[in-house]
Amino acid sequence: MKKTITVPDYMSIEQYQIVHNSEHLTELHKTIKIISLLTGVSEAELKTWGVRTLGTIYRDLNNKIDLKEEFHPIFKYEDKLYGFQNIDNMTLGEYIDLERLSKEPNKNLHEIMAIFYREIKSHNFNHFVWKQAQKILVNNKKTTNIFKQYKIKKYDVDERHASAEMFKQLPVQYALGALAFFLGIVSGYLTITKPYSTKK
């Protein structure tokens, strides 16, 4: 009897967190858990399938689901535009919460994302002048500072919790990309400021 399963296009942040919390399992149990998580087939049913079938499905999942980092300064989710918070504009409250949540990054990945991204309240993307300027820049193989083209909502802890729950369903590549981008900027800042803080 043929088994039909649906392979998802991506792994969500929530699924990634569950997989990360399964590191204590044996390879076989971990494989079953991941297949069940991504296909919706119960673990009990998967245990009745052949080992070769499960191995093929697991390989197919690995081949299709790409966990490469993808940084998106803006993205659309549930008909709303969200923008990455420019590190230069971060408030002390954001830094404090980010530092606390970063102690357990995988567990708090959705919460961290809700600090990085908030709903865009105004932007220039539809303005004729901006569109024409973009065409000129692209033709000259240049780019603009995208962070200057939009403004996001002010940081609010209650709104962060609500957004964090929604963001659990985002592709985990978005979160991994945002973390890598943020850490890259912080690392650059530390490199720049180090000579000034070194005692002669």
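**Figure 1. An open sheet of four strands, in the order S1-S2-S3-S4**. The model is predicted: local features need pLDDT of at least 70, side-chain atom pairs count only at pLDDT 80 or more, and totals for chains, interfaces and linings use all residues. Residues are numbered from 1 along each chain as its sequence is written, and side-chain values use heavy atoms, with hydrogens and water left out. Pairing in the sheet is antiparallel. Two strands pair if DSSP finds at least two bridges between them. Strands (E, at least two residues) and helices (H or I, at least four) are DSSP runs, numbered from the N terminus. Strand S1 (74–77) and strand S4 (150–152) stand at the edges with a single partner strand each, so one side of each has no neighbour in the sheet. On average, neighbouring strands of this sheet are turned by 50° against each other, direction ignored.

**Figure 2. Strands S2 and S3, with helix H6 across them**. S2 covers residues 80–84 and S3 covers residues 117–123. The two run antiparallel and are joined by three bridges. Phe84 has Tyr117 in S3 as its bridge partner. Helix H6 (residues 109–116) runs at about 20° to S3. Axes are lines fitted to C-alpha atoms, for helices over the stretch in contact, and angles run from 0 to 180 degrees between N-to-C directions.

**Figure 3. The loop between S1 and S2**. Glu78 and Asp79 both lie in this loop. Most residues other than glycine have a negative phi. Glu78 is not a glycine, yet has a positive phi of about 50°. Asp79, also not a glycine, has a positive phi of about 65°. Glu78 is exposed, with a relative accessible area of 54%. Asp79 counts as exposed at 73% relative accessibility. Exposed means over 50% relative accessible area, buried under 20%, and partly exposed in between (1.4 Å probe, protein chains only).

**Figure 4. Helix H2 and its buried residues**. H2 (residues 27–39) has 13 residues. The helix reaches 18 Å from its first C-alpha to its last, close to the 18 Å expected at 1.5 Å a residue. That expected span is 1.5 Å times one less than the number of residues. Buried in H2 are Lys30, Thr31, Ile32, Ile34, Ile35, Ser36, Leu38 and Thr39. These residues pack against helix H1 (13–20), helix H3 (43–46) and helix H4 (51–64). Contact means heavy atoms within 4.5 Å. Just after H2, Gly40 takes a positive phi of about 85°.

**Figure 5. H2 packed against H4**. The angle is about 60°, and the axes are 10 Å apart. The two helices are therefore oblique to each other. Angles under 35 degrees count as roughly parallel, over 145 as roughly antiparallel, 65 to 115 as roughly perpendicular and the rest as oblique. H2 passes H4 in a left-handed crossing. Left-handed means that the near helix is turned anticlockwise from the far one by less than a right angle; clockwise is right-handed. From H2, Thr31, Ile34, Ile35, Leu38 and Thr39 meet Leu54, Ile57, Tyr58 and Leu61 in H4.

**Figure 6. Asn108, in the loop between helix H5 (92–101) and H6**. Asn108 counts as buried at 12% relative accessibility. Not counting residues up to four places away in sequence, Asn108 touches Gln17 and Leu101.
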